[in-house]
Amino acid sequence: MSVEALLVTAAWKGPYEKDYNLVPWLTTFFVYSKRCARNKNMGNVTSAPEFHFIQLSEDPDLQPVLFGLFLSMYILALFGNLLIILTVSSDSHLHTPMYFFLSSLSMVDIGFISTTVPRVIVDIQTHCPVISYVGCLTQMSLFIIFGGMDNMLLVVMAYDRFVAICHPLYYQVIMNPSRCGVLLLGCFLLSLLELLLLYVAVLNFSNCEDYVEISNFFCDPSELLKVACFDNFTSSIVRYCVGALFGLLPISGIIFSYYKIVSSIMRSSSSSGKQKTFSTCGSHLSIVCLFYGTGLGVYFSSSLSHSPRSVAVASVMYTVVTPMLNPFIYSLRNKDIKTALRKILSRVF
């Protein structure tokens with residue numbers, strides 16, 4: 001029986017006039033089934049390719065677990081980052097460069113996790129992990145912009161700690177409000193530059209296959225470079241150049257900043273000052289290790305890995321787990337944030 005005939009039959013009412021109308025449910029199923037089938041056979045209709053994501057698990061029993069896991073992590077990330085923004089904006093004692101960049105990082109993290117996770121949640125529910133050509137480029141663009149700003153903000157925060165610890169007398173002069181605004185704008189412009197460099201490579205899909213499978217759960221730039229329409233050598237050159245420029249160079253800046261910070265701490269004779277400095281820098285260092293360790297690992301190993309699902313699972317660490325943990329790591333290890341949170345809670349309750 002065809003789907004159209006099934007829709008007509010589903011609207012039949014039984015002898016007891018009880019409504020057995022299944023049309024809405026079957027219509028929804030029919031639309032998604034036709035959409036997925038159409039996306040797999042678009043070769044004769046349009047030259048724009050359709051992108052099919054890999055599923056984190058093909059076990060149907062795990063789909064509700066994955067749905068609940070991603071939804072809970074997304075809600076926690078939104079709640080934690082919004083709480084940091086509210087805390088910093090409501091307490092005048094936190095209107096300093098350090099907390100300005102922290103609240104900016106929280107805003108960027110909200111955009112970063114919102115680029116991928118809502119789409120994953122919908123794909124798990126519909127069992128149709130397919131995205132259009134335009135949709136994939138849009139998701140990749142937002143991912144690079146927010147991911148690049150996240151990347152650069154971590155460098156700026158390391159520079160802020162370097163100035164505060166190594167040049168405390170000039171801190172207010174160097175990190176003035178206009179300088180902080182320029183640094184934030186620079187983070188945005190550098191992320192746009194990264195996007196333009198990758199666009200030159202990944203826009204070369206016009207003569208490729210109409211069915212493109214991506215070994216990840218979102219439009220990962222490294223995966224798009226791997227399936228772009230040029231040879232593997234050129235793809236590797238672009239990947240490593242962009243990775244070195246926007247990955248290794250920022251890490252080098254962070255390492256240099258902390259080298260100077262540690263050298264300055266070792267020369268200090270105050271044990272309480274050392275403890276406070278390590279407490280302040282520890283939160284930032286833990287986020288840096290988690291973000292760069294997993295992010296660069298996935299970026300450089302995507303062309304070498306023979307297990308696409310393991311790459312997808314590793315991508316969850318820096319695309320979902322890191323934005324979720326950022327506010328909690330900073331709030332649990334930062335005395336000023338905890339004090340401001342208590343004030344907010346005391347007003348509410």
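# Helices, a disulfide and buried residues

Modeller: Residues 180-202 are 100% helix and 0% strand, and the end C-alpha atoms of this span lie 33 Å apart. This is a predicted model, in which local features need pLDDT of at least 70, side-chain atom pairs count only at pLDDT 80 or more, and totals for chains, interfaces and linings use all residues. Residues are numbered from 1 along each chain as its sequence is written, and side-chain values use heavy atoms, with hydrogens and water left out.

Biologist: What makes a stretch a helix or a strand here?

Modeller: Both are DSSP runs, numbered from the N terminus: a helix is a run of H or I with at least four residues, a strand a run of E with at least two. Residues 237-259 are likewise 100% helix and 0% strand, with end C-alpha atoms 31 Å apart.

Biologist: Which spans does UniProt annotate as "transmembrane region"?

Modeller: The unreviewed UniProt entry gives residues 65-86, 98-118, 130-159, 180-202, 237-259, 280-300 and 312-332. Such annotations may be inferred rather than shown by experiment.

Biologist: Why are α5 and α7 called oblique to each other?

Modeller: Helix α5 (residues 133-166) and helix α7 (residues 177-202) pack at about 140 degrees, with axes 8 Å apart. The axes are lines fitted to C-alpha atoms over the stretch in contact, and the angle, from 0 to 180 degrees, is taken between N-to-C directions. Under 35 degrees is roughly parallel, over 145 roughly antiparallel, 65 to 115 roughly perpendicular, and the rest oblique. The pair α5 and α7 therefore counts as oblique.

Biologist: And what makes α4 and α5 roughly antiparallel?

Modeller: Helix α4 (residues 97-126) packs on α5 at an angle of about 155 degrees, with the axes 9 Å apart. That angle is in the roughly antiparallel class, so α4 and α5 are described that way.

Biologist: Which hand does each crossing have?

Modeller: α5 passes α7 in a right-handed crossing, whereas the crossing of α4 and α5 is left-handed. Left-handed means that the near helix is turned anticlockwise from the far one by less than a right angle; clockwise gives right-handed.

Biologist: What residue classes make up the contact of α4 with α5?

Modeller: That contact has 15 nonpolar, six polar and five charged residues. Ala, Val, Leu, Ile, Met, Phe, Trp, Tyr, Cys and Pro count as nonpolar, Asp, Glu, Lys and Arg as charged, and the others, Gly among them, as polar.

Biologist: How do you know that C136 and C219 form a disulfide?

Modeller: Their sulfur atoms are 2.1 Å apart, and a disulfide is a pair of cysteine sulfur atoms within 2.5 Å. By this rule the count is one disulfide. C136 is in helix α5 and C219 in the loop between β3 (211-214) and α8 (221-227), 83 residues apart, which links distant parts of the chain.

Biologist: Why is this disulfide called left-handed?

Modeller: The torsion about the S-S bond of C136 and C219 is about -130 degrees, so the disulfide is left-handed.

Biologist: Are C136 and C219 buried or exposed?

Modeller: C136 and C219 are both buried. Buried means under 20% relative accessible area, exposed over 50%, and partly exposed in between, with a 1.4 Å probe and protein chains only.

Biologist: What makes P323 a buried residue?

Modeller: P323 is in helix α11 (residues 308-333), and its relative accessibility of 1% puts P323 in the buried class. Its C-alpha atom is 9.1 Å from that of Y74, 249 residues away along the chain.

Biologist: How do you know that S264 is buried?

Modeller: S264 has 16% relative accessibility, so it counts as buried. S264 is in helix α9 (residues 232-267), and its C-alpha atom is separated by 6.2 Å from that of C166, 98 residues away along the chain.

Biologist: Why is H127 called exposed?

Modeller: H127 has 53% relative accessibility, so it counts as exposed. H127 is in the loop between α4 and β2 (130-131), and its phi is near 55 degrees, a positive value in a residue other than glycine.
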